[in-house]
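Hello,

Here is the structure I said I would pass on. Please open it and keep it in view while you read my notes below.

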Amino acid sequence: MTSTTAIQVQGVSKQFGEKKVLKDITLAVPCSQIFGLLGPSGSGKTTLVRMIAGIDAPTNGQVTVLGQKMPQLAMLSHIGYMAQSDALYTELTAQENLAFFAALYGLKGTKCKQRIQAVMELVDLSDHLKKQVSNYSGGMKRRLSLAISLLHEPSILILDEPTVGIDPVLRKSIWQELTNLSLNGTTILLTTHVMDEADKCHQLGMIRDGSLTAIGTPEELKHATSSSTIEEAFLVYGGVKA
């Protein structure tokens, strides 16, 4: 693995009992890139990002993040992870949730306060900081989960469908921030079902039935399938459109 590669997945398979969820996945994500995983529900995207985040271990193969074999506890401070389902303490306020996760990452004092303010402004929740999370809508919970993943300014950001339930205007500003983070050196791996988001990624990996069917830039994938849009290319790789 070279120093220009942030995430390396080599021959990774994952099995739950008799069911093989991932089959021999190999991919590399360069530093500072936004890499999107595109695939239908149940294709294995979430299983793959959980292994890259160090939450699950592969049955076969190896995952390396910033040169370190995963899973590894010491790497958690370098990774921001936003799960598909919100891991929030709903009986606490947003501020208490953020303070809890900030403490886990070793953020203290003025720096902690600054980061909480910054991430809540980004997701447009500053006015709801002291509100109990049980009173948040689904979209607000997604936004708070994104804020938490960004708190400690991680080198690697892993986001599982980050903009589900978020309105188009805010989605645009979140994508602007993701692009800025990438320009400033953050490596971002995300899963999405939203085709215009897929077009904003530097590279895409198409996953179907646990297998990686294609990797390339959005333009390369469109060209390879004679498609005018990513959605058309996605349908071709999914076997829906010849």
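Helices α2 and α4 cross in a right-handed way. Keep in mind that this is a predicted model. To find the pair, look for α2 at residues 94-104 and α4 at residues 138-150. Their axes come within 10 Å and cross at roughly 25°. Angles under 35 degrees count as roughly parallel. That is why α2 and α4 are described as roughly parallel to each other.

Which residues of α2 meet α4? From α2 they are Ala 94, Asn 97, Leu 98 and Phe 101. On the α4 side, the partners are Leu 144, Ala 147 and Ile 148. Sorted by class, this contact has 6 nonpolar residues and 1 polar residue, with no charged residues.

Next, go to Arg 171. You will find Arg 171 in helix α5, which covers residues 168-183. Is Arg 171 buried or exposed? The relative accessibility of Arg 171 is 17%. Buried means under 20%, so Arg 171 counts as buried. Now check what surrounds this side of the helix. Set aside the neighbours of Arg 171 within four places in sequence. Arg 171 is then in contact with Thr 163, Ile 166, Val 194, Asp 196 and Glu 197.

Last, the annotation. UniProt, in an unreviewed entry, places the feature "domain: ABC transporter" at residues 7-234. In the model, that span is 34% helix and 27% strand.

Best wishes

Terms used
Residues are numbered from 1 along each chain as its sequence is written. This is a predicted model: local features need pLDDT of at least 70, side-chain atom pairs count only at pLDDT 80 or more; totals for chains, interfaces and linings use all residues. Side-chain values use heavy atoms; hydrogens and water are left out. Axes are lines fitted to C-alpha atoms, for helices over the stretch in contact, and angles run from 0 to 180 degrees between N-to-C directions. Helices (H or I, at least four residues) and strands (E, at least two) are DSSP runs, numbered from the N terminus. Angles under 35 degrees count as roughly parallel, over 145 as roughly antiparallel, 65 to 115 as roughly perpendicular and the rest as oblique. A crossing is left-handed if the near helix is turned anticlockwise from the far one by less than a right angle, and right-handed if clockwise. Contact means heavy atoms within 4.5 Å. Ala, Val, Leu, Ile, Met, Phe, Trp, Tyr, Cys and Pro count as nonpolar, Asp, Glu, Lys and Arg as charged, and the others, Gly among them, as polar. UniProt positions are given in the numbering used here, feature names are shortened, and annotations may be inferred rather than shown by experiment. Buried means under 20% relative accessible area, exposed over 50%, partly exposed in between (1.4 Å probe, protein chains only).
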